[in-house]
Amino acid sequence: MFVPKLYVYTFLGEFVLLYPVYTLLFTDSGLSVAETSSLFVIWSVTGMVLEIPSGAWADAVSRRLLLFLGPLLAGVGFGLWVLFPSYWAFALGFVLWGAEGALVSGAFEALAYEELERRGLQGRYAVVMGRAHSIGIAAAASAIALATPVFAVGGYPAVGAASVAACLLCAATALTLPERRPARAASTETSTETSTDSDGRYLAVLRAGVAEARTERNVLEAIVLISVVTAIWGALEEYVPFLAAATGASRTAVPLLVLAVWVGAAAGGLLAGPARRLSERSFALVLGLAAVAMAAGALVPHPAGFVLVAGAFGAFQMAGVVADTRLQERVSGDQRATVTSVAGLGTNVVTLAVYTVYGAGSPFLSHGTTFALLVLPYVVIALWLARERVAPM
């Protein structure tokens, strides 16, 4: 039942009915575009600041504890938004939501990999995580579909209550996850330690994790791969509706094109298992072809180009899961969540860079041209991987 519980946790974590309407809540509460943008900055910065410290906390204390606390914080934040709709309540909510992302990032992957490894099933990690990503996409799509009728009946209080309920159920699911770790790593088995000992353990794990990420070449390469592959397509996903509108599609057709991209990404997650068996050069070829497909599809001034765009998003999703699998296989010691959080920080940094470049280029470049230019790093990564003479992945 371990793997199904991971899937339930993933689904509930993304089944937030506030997602498609929270910008409307901000607008209806009198916030300007600039104020709303500042909230997104607060959200991003919070996650970046807490990413690595929370990863070390997961390694030194308990991964399951962080997976429990994360959704609770997000639920409190969503509740504040609905109960006290004002800029400072929204800002505090984004701080809590950013903290949730940091707490879960690293801890989820570390717990999943080590529990599968304990059962002799580490070879299925790519399959499990690929399916989890696809389930997360399905949950977000379901939340968007359900938000409209729920909002029509009960307004913001109804979608807010449903979102808080999903977070509480997600936290409760975390408590059912197994966590069998050495006594020195599990807080439930180290209750006799002094505060000083605990602080020393935390700092030791933090240093070891950062050192491994920085000095171990294979680990560092996997971190770079995750950061670039995951961040670029993840950031571009936010601009897909603009790209769809730029093709000349009608307003009613735009959501269908966005849905096509989501379907492509979900399919990519399901293909992560087979992709794990590709050789290094074959994997590089897939990544390079996906970049070409994305650029070509984005530059086609017709909705038909979204067939290529959706396929590219699927390939990038698949590549991200494979990169994460490579990282988990290369990490040693008790600092798995810390190292994974370093990759999470890298992803956040690249994501912020993509947002910045997209915003800076928007007055001068079309959406299609911007998409095509921003996938060029995938070509660079593909060429780099193709030159690596490594055994099959």
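**Figure 1. The crossing of α9 and α15.** In this predicted model, helices α9 and α15 cross in a right-handed way. They pack at an angle of about 40°, and their axes lie 8 Å apart. An angle counts as roughly parallel under 35 degrees and as roughly perpendicular from 65 to 115, so α9 and α15 are oblique to each other. On the α9 side the contact involves V219, I223, I226, S227, T230, A231, I232, A235 and L236. On the α15 side these meet V339, V342, A343, G346, T347, V350, T351, V354, Y355 and Y358. An α-helix has 3.6 residues a turn, so residues three or four places apart point the same way.

**Figure 2. T347 in helix α15.** T347 is part of helix α15. Is this residue, T347, buried or exposed? The relative accessible area of T347 is 13%; the cut-off for buried is under 20%, and T347 is therefore buried. Apart from its neighbours within four places in sequence, T347 is in contact with I226, S227, T230 and A231. These four, I226, S227, T230 and A231, are among the α9 residues that meet α15.

**Figure 3. The packing of α6 against α15.** Helix α6 covers residues 107-118 and packs against α15 at an angle of about 135°. The two axes, of α6 and α15, are 8 Å apart. Roughly antiparallel applies to angles over 145 degrees, so α6 is oblique to α15. The crossing of α6 and α15 is right-handed. From α6, the residues A107, E109, A110, Y113, E114 and E117 take part in the contact. From α15, the contact uses R336, A337 and T340.

Figure 4. Helix α7 runs over residues 125-174 and has 50 residues. How far apart are the end C-alpha atoms of α7? They are only 19 Å apart, whereas a straight helix at 1.5 Å a residue would reach 74 Å. A kink of about 125° lies at G154 in α7. The proline P157 follows shortly after G154.

**Figure 5. Y156 in helix α7.** Y156 is located in helix α7. With a relative accessible area of 15%, Y156 is buried. Which residues does Y156 touch, not counting those up to four places away in sequence? They are V21, L24, L25, D28, V82 and F151. Y156 and G101 are 55 residues apart in sequence, and their C-alpha atoms are 23 Å apart in space.

**Figure 6. Helix α11 and what covers its buried residues.** Helix α11 spans residues 254-270, which makes 17 residues. At 1.5 Å a residue α11 should span 24 Å, and the 25 Å between its end C-alpha atoms agrees with this. The buried residues in α11 are V254, L257, V258, V261, W262, G264, A265, A266, G268 and G269. Among the elements that cover them are α7, α9, α10, α12 (272-275) and α14.

**Figure 7. A310 in helix α14.** A310 belongs to helix α14. The relative accessible area of A310 is 10%, so A310 is buried. Leaving out residues up to four places away in sequence, A310 touches A260, V261, G264 and A265. Of these, V261, G264 and A265 are listed among the buried residues of α11. A310 and L376 are 66 residues apart in sequence and 17 Å apart in space, from C-alpha to C-alpha.

**Figure 8. Helix α16 and A372.** Helix α16 covers residues 367-374, and its buried residues are G368, T370, F371, A372 and L374. The cover over these buried residues of α16 includes α9 (217-236), α10 (240-246), α13 (280-299), α14 (306-330), α15 (336-361) and α17 (376-387). A372 has a relative accessibility of 12% and so counts as buried. Setting aside its neighbours within four places in sequence, A372 is in contact with A295 and L299. Along the chain A372 and S332 are 40 residues apart, and 38 Å separates their C-alpha atoms.

**Figure 9. T10 in helix α1.** T10 lies in helix α1, which covers residues 2-14. Its relative accessible area is 15%, so T10 is buried. Beyond its neighbours within four places in sequence, T10 is in contact with F108, A132 and G136.

How values were computed:
Residues numbered from 1 in each chain as written. Predicted model: local features only at pLDDT ≥ 70, side-chain atom pairs only at ≥ 80, totals over all residues. Heavy atoms only, no water. Buried < 20%, exposed > 50% of the residue type's maximum accessible area, 1.4 Å probe, protein only. Helix = DSSP H or I, 4+ residues; strand = E, 2+ residues; numbered from the N terminus. Contact = heavy atoms within 4.5 Å. Expected span 1.5 Å × (residues − 1). Bend = angle between axes of the 7 residues up to and from the residue. Axes fitted to C-alpha atoms, helices over the stretch in contact; angles between N-to-C directions. Left-handed = near helix turned anticlockwise from the far one by under 90°.
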